[in-house]
Amino acid sequence: VLTLLNLGMRKGEVFSRGWEDVRWADGAVGSLIVCDKPMYGGFTVKTKASARTVPLTPDVRSALDALHAHLGRPKYGLIFVGSKNKVRKYVNLHYHLRKACMAAGIAYIWPHALRHTWASRLALLKVGKKDLMEIGGWETESVLTQTYLHVTSEHKANVMRESGIGISLDITTVTSPRRSFSRELKRTLLAEIDASEHPELVLAREGITRDQVEGWRNELRGRP
């Protein structure tokens, strides 16, 4: 969960990483190589852009250092080992993520939402789209465009409220440009809504309605 949230990697990318992919001396605190790993569950990168080098954060580096030492500092082999030294199953991730959400007192979120959270945080720090695409392994701007629209409109509304400009306005009444959703993002959000114990929170966060959600379902099923 820490790696997903701090590095913005896809869960398949994380679970297929081996110790040989860690570059301990690269940059300030090291980096992680994302590439095809046929020996680990037959993993292949999603797109050409997905093959990349991801800089570590201090928190992830610290966690990897501790895990590496605990395992006897291996040079090869899976970082996140499942049973019988095989690739860890995704259900294990969902279990621990659900426990973390319960401990934090928040509704359950889909693992892929952590990737979007990572992108949103960097967008707020004014990291450019090109840099985000390279680090996150996106081939097109469609998903990032949604992230930027969502983050910047909400951030501007918060700035207006906190500065006292238009303080009489409820933040929920602030309108933002109508968003367009890619098919990939629709699938991701539908999965998150279906898995959430509080789907209304997802709807409110994304500014969408139940009618829109049902429209997406019909669209993705190929119905008019």
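**Exercise 1.** In this predicted model, classify Lys-48: is Lys-48 buried or exposed? Then place Lys-48 in the chain.

*Solution.* 
- Take the relative accessibility of Lys-48, which is 73%.
- Apply the cut-off: exposed means over 50%.
- Lys-48 therefore counts as exposed.
- Now locate the residue. Lys-48 sits in the loop that runs between strand S2 (31–34) and strand S3 (52–55).
- The C-alpha atoms of Lys-48 and Glu-139 are separated by 7.6 Å. Along the chain these two residues are 91 residues apart.

**Exercise 2.** Work out the sheet: what is the strand order, and which strands stand at the edges?

*Solution.* 
- The open sheet has 3 strands, ordered S1-S2-S3, and the pairing is antiparallel.
- Strand S1 (22–23) and S3 each have a single partner strand, so one side of each has no neighbour in the sheet. These two are the edges.
- Check the S2 and S3 pair. Their antiparallel pairing runs over 4 bridges.

**Exercise 3.** Examine the backbone of Arg-73: what is its phi? Where does Arg-73 lie, and is Arg-73 buried or exposed?

*Solution.* 
- Most residues other than glycine have a negative phi.
- Compare Arg-73. Its phi is positive, about 55 degrees, although Arg-73 is not a glycine.
- Find its element. Arg-73 lies in the loop between helix H3 (58–70) and helix H4 (90–104).
- Finish with accessibility. The value for Arg-73 is 53%, so Arg-73 counts as exposed.

Terms used:
Residues are numbered from 1 along each chain as its sequence is written. This is a predicted model: local features need pLDDT of at least 70, side-chain atom pairs count only at pLDDT 80 or more; totals for chains, interfaces and linings use all residues. Side-chain values use heavy atoms; hydrogens and water are left out. Buried means under 20% relative accessible area, exposed over 50%, partly exposed in between (1.4 Å probe, protein chains only). Two strands pair if DSSP finds at least two bridges between them.
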